[in-house]
Amino acid sequence: MIASLGRGSRFLHRCLLNSRVKPKTMSTLGKTDTCAEEGTVIVERHPEITMIGINRPEKRNCINSPTAAALLKAFQDFDNDDSSKVAVLYGVGGNFCAGFDLKELSDCPPVALSAYDRGPMGPSRYETKKPVIAAVEGFAVAGGLELALWCDLRVVEETAVMGVFCRRFGVPLIDGGTVRLPAIVGLGRALDLILTGRAIKGKEAFEWGLANRIVACGTAVGQALNLAQSLVKYPQKCMLADRTSALNATFAAKSLQEALKFEHENGISVIMEESVEGAQKFVDGIGRHGKFNLDSHKSKL
């Protein structure tokens, strides 16, 4: 189910910039651990970043139950890999994900329903400890939109199409769409998409804040990789603490005071672990005037 591939970083980067790579071409590169169902989930690891690809291009990367289980495992493995700091989720063959496989739902509803404890789309109810970036091209609709919303950041191509297309068939959003979409774009805009099921393209998604980056057609995966590389440069304990506090304030805290208390308790330990060293760098003249080029002065932490 999961194909794990290794390759030279230069060749990988060139392949990722052209995200419409044929799945057979990808499966012949490097060592494959397991490859049931032609490797419906592809995992590629290289320094500090894990690339996770949905590989059902003939189905516009819609998710069936085995693929959902493989996708969840891929993210659990990413979380448990201390050498990997950021993940990029993408779709092979020109589409991000067209949602849950309705053929499975129509043929055998009990099987599809049995997966709902973990989320039909796989990781949608799993809370990652580290950032995940969605590289969105082509269709990201229904459950595919929910997977994109599950990610921390979304790099969206101008020609991408997002929407609650399952509205047409009476399939509800049960992978976090009604929870995450209002938190990201606001209730009014969320209800616009949820109630009408209409399509929203890259430009409008960016104007709404649904897309964090809008990029040219065919470049989403490469641009998402570049964004991931920018995140791994920062002191990680601080970044992860701030990420956790933001998620808590948005989804868990019952009041402002509760959110503030959590933020303080969650972040205070980082002061001695990373902040003191960072402050000394600034005193020494590094990073003045808002400069981010600190590569030659990487933390030892």
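In the predicted model, helix H7 buries Gly177, Arg180, Leu181 and Val185. These residues lie on the same side of H7, because the arc they cover around the axis is only 105°. Such a grouping accords with helical geometry in general: an α-helix has 3.6 residues a turn, so positions three or four places apart point the same way. The cover over the buried residues of H7 includes helix H6 (143-150) and helix H8 (187-196), and helices H9 (202-208) and H11 (236-251) are also among the covering elements. H7 itself spans residues 177-185 and is followed by glycine 186, whose phi is positive, near 95°.

Valine 179 also belongs to H7, but this residue is partly exposed, with a relative accessible area of 49%. Together with Leu247 and Phe251, Val179 forms a nonpolar patch on the surface. The accessible area of the three residues together is about 260 Å².

Helix H11, one of the elements that cover the buried residues of H7, contains serine 245. Serine 245 counts as buried because its relative accessibility, 10%, falls under the 20% limit. Beyond its neighbours within four places in sequence, serine 245 is in contact with Phe262, Glu263 and Asn266.

At the level of the whole protein, the model comprises 12 helices and 10 strands. Of its 301 residues, 47% count as buried. Among contacts with a separation of 6 or more, 71% are made by residues 24 or more positions apart. The protein exposes about 14,900 Å², of which carbon and sulfur atoms supply 57%.

The protein contains 8 salt bridges. One of them joins glutamate 48 to lysine 85, with the closest N and O atoms 2.9 Å apart. This pair links distant parts of the chain: glutamate 48 lies in strand E3 and lysine 85 in strand E4 (residues 84-91), 37 residues apart. Both partners are partly exposed, glutamate 48 at 31% relative accessibility and lysine 85 with a relative accessible area of 22%.

A second salt bridge connects arginine 198 and aspartate 192, whose closest N and O atoms are 3.1 Å apart. Arginine 198 is partly exposed, at 26% relative accessibility, and aspartate 192 is likewise partly exposed at 26%. Both residues take part in a network of salt bridges that links Asp192, Arg198 and Glu204. A further salt bridge is formed between glutamate 207 and lysine 203, where the closest N and O atoms are 2.5 Å apart. Glutamate 207 and lysine 203 both lie in helix H9, 4 residues apart, a spacing of about one turn of the helix. Lysine 203 counts as exposed, because its relative accessibility of 56% is over the 50% limit.

Two residues other than glycine were examined for their backbone geometry. Most residues other than glycine have a negative phi. Glutamate 48, by contrast, has a positive phi near 75°. This residue is found in strand E3, which covers residues 48-54, and is the partner of lysine 85 in the salt bridge described above. Asparagine 61 likewise has a positive phi, of about 60°, although it is not a glycine. Asparagine 61 is placed in the loop between E3 and helix H3 (65-80). Glutamate 48 is partly exposed, whereas asparagine 61 is buried, with a relative accessible area of 0%.

The mean pLDDT of the protein is 82, and 75% of its residues reach 70 or more. Over residues 5-37, however, the pLDDT is below 50, although this stretch has 66 contacts in the model beyond near neighbours in sequence. Residues 296-301 also have a pLDDT below 50, with 9 contacts beyond near neighbours in sequence. Where pLDDT is low, the predicted coordinates should not be read in detail.

Notes
Residues are numbered from 1 along each chain as its sequence is written. This is a predicted model: local features need pLDDT of at least 70, side-chain atom pairs count only at pLDDT 80 or more; totals for chains, interfaces and linings use all residues. Side-chain values use heavy atoms; hydrogens and water are left out. pLDDT is the predictor's confidence in each residue, from 0 to 100. Contact means heavy atoms within 4.5 Å. Patches are made of residues with over 30% relative accessible area and no salt bridge: like charges are joined within 9 Å, nonpolar side chains (Val, Leu, Ile, Met, Phe, Trp, Tyr) within 5 Å. Accessible areas come from the Shrake-Rupley method with a 1.4 Å probe; for residues, only the protein chains shown count as cover. A salt bridge is a side-chain nitrogen of Lys or Arg within 4 Å of a carboxyl oxygen of Asp or Glu. Helices (H or I, at least four residues) and strands (E, at least two) are DSSP runs, numbered from the N terminus. Buried means under 20% relative accessible area, exposed over 50%, partly exposed in between (1.4 Å probe, protein chains only). The arc is that of the directions from the helix axis to the C-beta atoms.
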